[in-house]
Amino acid sequence: MFDTTYIYNGMEIYWYIVLFMASTIGGIVGSMSGGAGMITMPILLLSGLNPIIALAVNKLQACVGSFTSAAHYYKQGLVDMRQGRILMIIGVTFGALGTATVQYIELSLLSKILPFAMIIVCAYFLFSKNISDEDKAKNPNKIILYITMVLAGFYGGLLGVGIGSFILAILVSIGGYGLSKAVAYSRWIVFSVNLASACIFIISGNILWALGIIMCIGQVIGASIGAKLAIKHGAKIIRPLIVGTSFILSLQLIIKEFF
């Protein structure tokens, strides 16, 4: 008989299968709109993992997924590394700071504020008439862009749920990016944040490697599919997915935190 009892650190085999599927779906969603953590993080917690270990595994697989989709966008010529490097440096620096902080502070207040922030993102992408694949601002206010990216990077390392959607909203509303371009750049910024977070979690010894590797494989598969779909269909598929993802995530968080 096939044994489904504990195989590593108290986790049963079926959790590895479930989380592989979750990471694949998360990779598809995350590569187009952000919000992969909405799918993977609740299931990681449901499996019974310690929250810090769950967050560490989530960051590791998210790092691989965001790089996979970012590489696809780069190959299509949608990203100029010289233009995006400052935002990526901000992401690495403040993502690391957020991750170093998360192990020492109480996150309950942030968790209660987060769903309402996601509702704002959802409303922006739903009702704004100026969102398309065309760039809107030739000379965006770089100071405001950098300040908001600092906050996003820190939050990405601190908790990270919905970080892709937040960065997308910043790039479109403040940076003036067209939606397809914003998705491409956001993947590199999210990768920078996730890389910094994953490295700190690895150093601190919080990674469950067997599970992490399985979920990384799922992310590679899902992110590749999602990036190809986004490149092919552009804003007409990205915009409704962002709205849907943000709405579902905010609803999920409201139920979790208040009910």
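## Getting started

Helices (H or I, at least four residues) and strands (E, at least two) are DSSP runs, numbered from the N terminus. What you see above is a predicted model, where local features need pLDDT of at least 70, side-chain atom pairs count only at pLDDT 80 or more, and totals for chains, interfaces and linings use all residues. Residues are numbered from 1 along each chain as its sequence is written, and side-chain values use heavy atoms, with hydrogens and water left out.

## Regions listed in UniProt

The unreviewed UniProt entry lists "transmembrane region" for residues 12-32, 86-107, 113-131, 143-176, 188-217 and 237-255. These positions follow the numbering used here, feature names are shortened, and annotations may be inferred rather than shown by experiment.

Let us look at two of these stretches in the model. Over residues 143-176, the chain is 79% helix and 0% strand, with its end C-alpha atoms 14 Å apart.

Helix α7 spans residues 163-173 and is mostly covered, as 10 of its 11 residues are buried. Among them are I163, F166, I170 and V172.

L158 belongs to helix α6 (residues 142-158). With a relative accessible area of 6%, L158 is buried. L158 and G95 are 63 residues apart in sequence, yet their C-alpha atoms are 7.3 Å apart in space.

A pair of aromatic rings is described by the distance of the centres and the angle of the planes. Rings of Phe, Tyr and Trp (its six-membered ring) pair if their centres lie within 6.5 Å; planes under 30 degrees apart count as stacked, over 60 as edge-to-face and the rest as tilted. The structure holds 7 such aromatic pairs. One of them joins F67 and W188 edge-to-face, at 6.0 Å centre to centre and 90° between the planes. F67 lies in helix α3 (residues 51-75) and W188 in helix α8 (residues 179-203), so this pair ties together parts that are 121 residues apart in sequence. F67 is partly exposed, at 39% relative accessible area, while W188 is buried, at 9%.

Y74 also pairs with W188: the ring centres are 6.3 Å apart and the planes at 80°, so this pair is edge-to-face. Because Y74 lies in α3 and W188 in α8, the pair ties together parts that are 114 residues apart in sequence. Y74 is partly exposed, with a relative accessible area of 44%. Ring pairs link F67, Y74, W188 and F191 into a cluster.

Two or more patch residues come from each of α5 (108-127) and α10 (235-258), and α10 gives the largest share, 5 residues. I248 lies in α10 and is partly exposed, at 48% relative accessible area.

Conventions
Buried < 20%, exposed > 50% of the residue type's maximum accessible area, 1.4 Å probe, protein only.
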